[in-house]
Amino acid sequence: MSTPDERLAALGITLPAPIAPVANYVPFVRVGALVHISGQVSVDSAGGVRGVVGEDLDLAAGVAAARLCAINLIAQMRAACDGDLGRMRRVVKLGGFVQAGPAFFDIPKVVNGCSDLMVEVFGDIGRHARSAVGVYRLPLNFAVEVDAVFEAS
């Protein structure tokens with residue numbers, strides 16, 4: 001079986017450096033085996049995906065934004081595991097927030113962009129509980145934000 005790092009490489013994904021907090025919080029907190037990761041927005045080195053899904057952005061752009069959130073969550077998880085994603089035991093829960101227009105209701109389909117990548121990278125241990133919520137505004141006008149709970153050794 002391949003490792004999470006091998007699966008990332010096969011998908012053409014290079015994890016970025018973990019994003020530093022922009023306010024008074026820490027990127028993750030470990031309590032026993034659980035790692036709670038602060039919300040990660042749809043940012044990348046090109047600036048990321050910003051705007052309102054259903055108005056400025058279509059469903060496909062929203063899904064891509066959620067995938068960026070997944071990449072940033074995995075980068076934080078790698079930092080929490082001292083660089084070793086092999087210590088990851090389970091994706092426990094994702095909380096997805098989509099900056100959605102008033103007539104946009106495909107919130108779960110958007111958050112699938114994050115969920116699907118977790119399963120692609122971690123296999124069965126990437127299957128998780130989840131919430132997917134449409135919101136009026138997100139920080140810095142990012143399209144999607146996702147927080148997570150992981151289990152690690």
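Mentor: Let's begin with a term: helices (H or I, at least four residues) and strands (E, at least two) are DSSP runs, numbered from the N terminus. Strand E1, for instance, covers residues 28-31, and Val-31 is found in it. Please keep in mind that this is a predicted model, in which local features need pLDDT of at least 70 and side-chain atom pairs count only at pLDDT 80 or more, while totals for chains, interfaces and linings use all residues. Residues are numbered from 1 along each chain as its sequence is written, and side-chain values use heavy atoms, with hydrogens and water left out.

Trainee: Okay, is Val-31 buried or exposed?

Mentor: Val-31 is exposed, at a relative accessible area of 52%, where buried means under 20%, exposed over 50% and partly exposed in between (1.4 Å probe, protein chains only).

Trainee: Now the inside: how many residues are in the largest nonpolar core?

Mentor: The largest nonpolar core has 41 residues, and Met-77, Met-118, Val-144 and Phe-150 are those with the most contacts inside it. Such a core is a set of buried Ala, Val, Leu, Ile, Met, Phe, Trp, Tyr and Cys residues joined through side-chain atoms within 4.5 Å.

Trainee: And which element gives the most to this core?

Mentor: That is H2, with 11 residues. In general, nonpolar side chains in soluble globular proteins tend to be buried together.

Trainee: What does Met-77 touch?

Mentor: Leaving aside neighbours within four places in sequence, Met-77 is in contact (heavy atoms within 4.5 Å) with Val-35, Ile-37, Leu-85, Met-88, Phe-150, Glu-151 and Ala-152.

Trainee: What about Gln-76, where is that found?

Mentor: Gln-76 is found in helix H2, which runs over residues 59-80, and it counts as buried because its relative accessibility is 1%. Beyond residues up to four places away in sequence, Gln-76 touches Pro-18, Ile-19, Pro-27, Phe-28, Ile-37 and Gln-40.

Trainee: Switching topic, how many salt bridges are there?

Mentor: The structure holds 4 salt bridges, each being a side-chain nitrogen of Lys or Arg within 4 Å of a carboxyl oxygen of Asp or Glu. One of them joins the side chains of Arg-67 and Glu-120, at 3.4 Å from N to O. Because Arg-67 lies in helix H2 and Glu-120 in helix H3, this pair ties together parts that are 53 residues apart in sequence.

Trainee: Can you give me another pair?

Mentor: Asp-124 forms a salt bridge with Arg-127, with the closest N and O atoms 3.4 Å apart; Asp-124 counts as exposed at 58% relative accessibility, whereas Arg-127 is partly exposed at 47%.
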